[in-house]
Amino acid sequence: LAQYYKGQSSLEAAEAIGVTVEKTTAEINAKLQTGGQITGKVTSASTKAALEGIEICPSATSGNLYGQCATTNASGEYTITGLATGEYKVEFYSNNGANFVTQYYNAKPTSTQANAVSVTAGATTSGINAAMVVGAKISGKVTAAATKAPLDAVQVCASSTTGGLGG
């Protein structure tokens, strides 16, 4: 686990260290604790095949984001390490160009609906799996109203009626 001087978990709680130019400040030691882990497997909901290249990111339910994510290997497995004890929302999304719908643990569409995952420093929380669903597609043609000529370089966006931005 990341820590600050004298075993503190935040910069605000850390003790300041006085240093002098051209002198060594000795005995500034640390005993790092092993963080918790989240492990699981990601598959296709339709084919049950393992999915490689799916990104998995935890964020603490206390509102602090956690910066380390993991990517599934060829077997669809992942491990996220170095987590502090707490509750996390876990997001699964396609970062490899595949058309899979972003989801949160346990098959929830938003982080507010996601089931929290409990993590204990030094322990592994396993079985945080996901079955990814292929996303829908919208297609069409954009033309000029007056001439009906096709237009290119027009950006088309979809917005969910529930407030989420589509692809």
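Q: Why does Val142 count as partly exposed?
A: In this predicted model, Val142 has 33% relative accessibility. Buried means under 20%, exposed means over 50%, and partly exposed lies in between. The value of 33% falls in between, so Val142 counts as partly exposed.

Q: What makes the nonpolar surface patch that includes Val142?
A: Val142, Leu151, Val154 and Val156 make this patch of about 320 Å². Patch residues need over 30% relative accessible area. Val142, at 33%, passes that cut-off. Val142 lies in the segment after S9.

Q: How do you know that Cys57 and Cys69 form a disulfide?
A: Their sulfur atoms are 2.0 Å apart. The cut-off is within 2.5 Å, so the pair qualifies. A disulfide is a covalent bond between the sulfur atoms of two cysteines. By this rule the count comes to 1 disulfide.

Q: Which parts of the chain does the pair link?
A: Cys57 sits in strand S2. Cys69 sits in the loop between S2 and strand S3 (70-71). The two are 12 residues apart, and the pair links distant parts of the chain. The link is right-handed, with 115 degrees about the S-S bond.

Q: Why is Cys57 called buried?
A: Cys57 has 11% relative accessibility. Buried means under 20%, so Cys57 is buried.

Q: Is Cys69 buried, partly exposed or exposed?
A: Cys69 has 28% relative accessibility. That value lies between 20% and 50%, so Cys69 is partly exposed.

Q: Why is Cys157 called exposed?
A: Cys157 reaches 57% relative accessibility. Exposed means over 50%, so Cys157 is exposed.

Q: Why is Gly127 called partly exposed?
A: Gly127 has a relative accessible area of 38%. This lies between 20% and 50%, so Gly127 is partly exposed. Gly127 is found in the loop between strand S8 (124-125) and S9.

Q: What does Gly127 touch, beyond residues up to four places away in sequence?
A: Gly127 touches Thr39 and Tyr105. Gly127 and Thr39 are 88 residues apart in sequence, with their C-alpha atoms 6.3 Å apart in space.

Q: Which residues touch the most other members of the largest nonpolar core?
A: Ile38, Val42, Tyr78, Val90, Phe92, Ile128 and Met132 do, in a core of 20 residues. Strands that each supply at least two residues of this core include S1 (36-44), S2 (54-60) and S4 (77-83). Core members must be buried, which means under 20% relative accessible area.

Q: Which residues does Val42 touch, not counting those up to four places away in sequence?
A: Among them are Ala49, Leu51, Ile56, Tyr78, Phe92 and Met132.

Notes: Residues numbered from 1 in each chain as written. Predicted model: local features only at pLDDT ≥ 70, side-chain atom pairs only at ≥ 80, totals over all residues. Heavy atoms only, no water. Core = buried A, V, L, I, M, F, W, Y, C linked by side-chain atoms within 4.5 Å. Buried < 20%, exposed > 50% of the residue type's maximum accessible area, 1.4 Å probe, protein only. Helix = DSSP H or I, 4+ residues; strand = E, 2+ residues; numbered from the N terminus. Contact = heavy atoms within 4.5 Å. Patch = residues over 30% accessible without salt bridge, like charges linked within 9 Å, V, L, I, M, F, W, Y side chains within 5 Å. Areas by Shrake-Rupley, 256 points an atom, 1.4 Å probe, with all protein chains shown as cover. Salt bridge = Lys/Arg side-chain N within 4 Å of Asp/Glu carboxyl O.
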